[in-house]
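Here is a friendly walk through one protein model, with its pockets and its ligand in view. Please have a look at the structure before reading on.

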Amino acid sequence: MEFIDLKAQYRLLEASIRARIDAVLDHGHFIMGPEIGELERKLAAFTGARQVVTCGSGTEALLMPLMAWGIGPGDAVFVPSFTFFATAEVVGLTGAVPIFIDVDPASCNMSPQGLERAIEAVTRQDPTIHPLPRQAVRQRLTPRAVIPVDLFGLAADYDALFPLARAAGLPVLEDGAQSFGGRWRDKPICGLGATAAATSFFPAKPLGCYGDGGAIFTDDDDLAARLRSLRVHGKGEHKYDNVRLGLNGRLDTLQAAILLPKLDILAEEMEARQTAARRYAENLNALPGVTPPRIPAHCRSAYGQYSVVFRDGAARDAAASVLRERGIPTNVYYVKPLHLQPVFADLGYAAGDLPVSEDLSRRILSLPMHPYLSPEAIDAVCQGIRDALSPAAS
Ligand SMILES: *Cc1c(COP(=O)(O)O)cnc(C)c1O
């Protein structure tokens, strides 16, 4: 069994993907070829965003808006601790300090109460209100942005997060790397009202290419213009007129060509993911000791991952090992919350600072999930978990 079966999708789209690749080989515009503009227009139509700027990866899609906003040393950016490393890495790369927020145990997404307290703690330089990095106690950092993550495909709690960010005058950068194709209150992910949104086209993401890629979504024309400059070395009027420090941050034409046929079937794939998730939930709801994802009625998860939470770490490890013996792959996202990563040791966070993130890292397990997963495969995964949780009965 595959954790994410990219070959099944390729078999379905082989003819159109190959035709698109051949077209690029024929016209030869490998950098910023016509497929880039075509993809950006189609992504704008899909999300409702006024502007889409494709780029080289999801990490760049997070970094470039921070650069465009001039975020750097002396600034604080609020990020969840329970996420992929890149969400906080980009903050550190600008020279700003990541302020880690705990997550809500039901959604695994940034806790609005945590964000509210952390903004106050930074403003007052008071770590008794919320755990703070050392730098934020020594020095009065300027709160500059919030990066909520739509973890595992589920939108963060924007009903609570948007008003908090607005009250603090902070732009919201939505990290939709795992959630593209999902919905929140009838709005598509990356088009739900954040100041800017970032997604990733890494092969295993809900919309993946055959290499690295990413995109930024915004309704702010001025921000989009700065992003287009940043992705080509801070170009001004032309490529050899450099008005700011930028990056080589372009998406390859070939990757855009590969994404176009995949975008055409994304809506159908999302339906297939819902069907798979329903079957998982029907099976798992009958099992005490494991909790499937709970998706609020106003959200549709893209199920970038299908992550379940066990009653304790021993049950999680037992399930992973029974499944491994049966040839069923699983992964732990994430083994270590970001506030405890060695690279952030200077910040001075300690174990126990963000207890929900730390607890989830011991009890969570991601199961195989993709649009081509058969009902029999889902039942086999769930049978493995059932056997692991009640070894005597098996
Ligand atoms: C994958 C991912 C990224 C980074 O995307 P890349 O394309 O790998 O650079 C950022 N944030 C989250 C939450 C991710 O899952």
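Which residue stands opposite I364 in β13? The answer is V309.

## About the model

This is a predicted model, in which local features need pLDDT of at least 70, side-chain atom pairs count only at pLDDT 80 or more, and totals for chains, interfaces and linings use all residues. Residues are numbered from 1 along each chain as its sequence is written, and side-chain values use heavy atoms, with hydrogens and water left out.

## A strand pair

Strand β12 (residues 306–310) runs antiparallel to β13, and 4 bridges join them. Helices (H or I, at least four residues) and strands (E, at least two) are DSSP runs numbered from the N terminus, and two strands pair if DSSP finds at least two bridges between them.

In β13 (residues 364–367), I364 and S366 point one way while L365 and L367 point the other way, and all are buried. Buried here means under 20% relative accessible area with a 1.4 Å probe, protein chains only.

## The largest pocket

The largest pocket holds about 500 Å³ of space. It is lined by 26 residues, and F84, Q178, S200, F202 and K205 are the closest to its centre. Two or more lining residues come from each of α3 (58–68) and α4 (86–94), with α3 giving the largest share, 3 residues.

A pocket is an open set of points on a 1 Å grid over the protein atoms alone, where a 1.4 Å probe fits, with protein on both sides within 12 Å along at least five of seven lines; lining residues have an atom within 4 Å of a point. Its volume is the space filled by probe spheres set on the points, which are joined across faces, edges and corners.

By class, the lining of the largest pocket has 12 nonpolar, 11 polar and 3 charged residues. Nonpolar covers Ala, Val, Leu, Ile, Met, Phe, Trp, Tyr, Cys and Pro, charged covers Asp, Glu, Lys and Arg, and the others, Gly among them, are polar.

## The second largest pocket

The second largest pocket has a volume of about 270 Å³. Among its 21 lining residues, A106, C108, P293, R294 and V309 lie nearest the centre. The largest share of this lining, 3 residues, comes from β12.

## Around the ligand

G58, T59, D175, S200 and K205 come nearest of the 15 residues around the ligand, where near means a heavy atom within 4 Å. An oxygen atom of the ligand lies 2.5 Å from a polar side-chain atom of T59, and one lies 2.6 Å from a polar side-chain atom of S200.

Notes
Buried means under 20% relative accessible area, exposed over 50%, partly exposed in between (1.4 Å probe, protein chains only). A polar contact is a pair of N or O atoms within 3.5 Å; within protein, one must be able to donate a hydrogen and the other to accept it, and residues adjacent in sequence count only if both atoms are side-chain atoms.
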